[in-house]
Amino acid sequence: HVTYDAHPVHAAIDLRRAGERIRERLGLVRCPTLILHGAKDRTCPVSNAWRVAERLGTDDQRVIVFPRSRHILTRDVEQAAVRRELAAFYARFEG
């Protein structure tokens, strides 16, 4: 294919297949889960965060949507808030 190097379609197909396999297994997740998402993410719709949460096999879950952030939360404008949420989540399991 002439544009193969510029548009690796196989990677998109692999990503979609991986998503399908994960979706089937989300109900097996029984541990506490923190889901973080950027409201301005153009790569993955924010609705995916809620879809994942609905399918999890645990009630011990929290979804946080950062209103000013996009796809890479740890590098975006709300990265300090992301760090705080992660630290608070991990602190639950100390000692």
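## Strand β1 and the residue L36

L36 lies in strand β1. In this predicted model, L36 is in contact with I64, F66, L73, V82 and L86, leaving aside its neighbours within four places in sequence. L36 and E78 stand 42 residues apart in sequence, and their C-alpha atoms are 11 Å apart in space.

Strand β1 covers residues 33-38 and runs parallel to β2, with six bridges joining the two. One of the pairings involves I35, whose bridge partner in β2 is V63.

## Overall fold

The protein has three helices and two strands. Along the sequence they follow the pattern α-β-α-β-α.

The C-alpha trace spans about 55 × 35 × 25 Å along its principal axes. The radius of gyration is 16 Å, whereas a compact globule of 95 residues would have a value near 12 Å. Of the 95 residues, 23% count as buried. Among contacts between residues at least 6 apart in sequence, 63% join residues at least 24 apart.

## Salt bridges

Side chains of opposite charge can pair when their charged atoms come close. With a cut-off of 4 Å between a side-chain nitrogen of Lys or Arg and a carboxyl oxygen of Asp or Glu, the count comes to three salt bridges.

One of them is formed by E20 and R16, with the closest N and O atoms 3.7 Å apart; that separation counts because the cut-off is 4 Å. Both residues belong to helix α1 (residues 9-25), where they sit four residues apart, about one turn of the helix. E20 counts as partly exposed because its relative accessibility is 33%. R16 has a relative accessibility of 60% and therefore counts as exposed, since the limit for that class is over 50%.

Another salt bridge pairs D60 with R92, and here the closest N and O atoms are 2.7 Å apart. This pair links distant parts of the chain, 32 residues apart: D60 is in the loop between α2 (47-55) and β2 (61-66), and R92 is in the segment after α3 (79-91). D60 has a relative accessibility of 32%, so D60 counts as partly exposed. R92, at 45% relative accessibility, also counts as partly exposed.

The side chains of E85 and R62 meet in a salt bridge as well, at 2.9 Å from N to O. Because E85 lies in helix α3 and R62 in strand β2, the pair ties together parts that are 23 residues apart in sequence. R62 has a relative accessible area of 46% and is therefore partly exposed.

## Cysteines

A disulfide is a covalent bond between the sulfur atoms of two cysteines. With a cut-off of 2.5 Å between cysteine sulfur atoms, the model has zero disulfides. C31 has a relative accessibility of 44%, so C31 counts as partly exposed. C44 is partly exposed too, with a relative accessible area of 28%.

## The loop residue P32

P32 is found in the loop between α1 and β1. Its relative accessible area is 26%, so P32 is partly exposed. Not counting residues up to four places away in sequence, P32 touches D60, F89, R92 and F93. Two of these contacts, D60 and R92, are the partners in the salt bridge with closest N and O atoms 2.7 Å apart.

The C-alpha atoms of P32 and A12 are separated by 30 Å, and the two residues are 20 residues apart along the chain.

## Q79 in helix α3

Q79 has its place in helix α3. With a relative accessible area of 31%, Q79 is partly exposed. Q79 touches L73 and T74, not counting residues up to four places away in sequence. L73 is also among the contacts of L36.

Q79 and F66 are 13 residues apart along the chain, and their C-alpha atoms are separated by 9.5 Å. F66 is another residue in contact with L36.

How values were computed: Residues numbered from 1 in each chain as written. Predicted model: local features only at pLDDT ≥ 70, side-chain atom pairs only at ≥ 80, totals over all residues. Heavy atoms only, no water. Buried < 20%, exposed > 50% of the residue type's maximum accessible area, 1.4 Å probe, protein only. Pairing = 2+ DSSP bridges. Rg over C-alpha atoms; globule rule 2.2 N^0.38 Å. Contact = heavy atoms within 4.5 Å.
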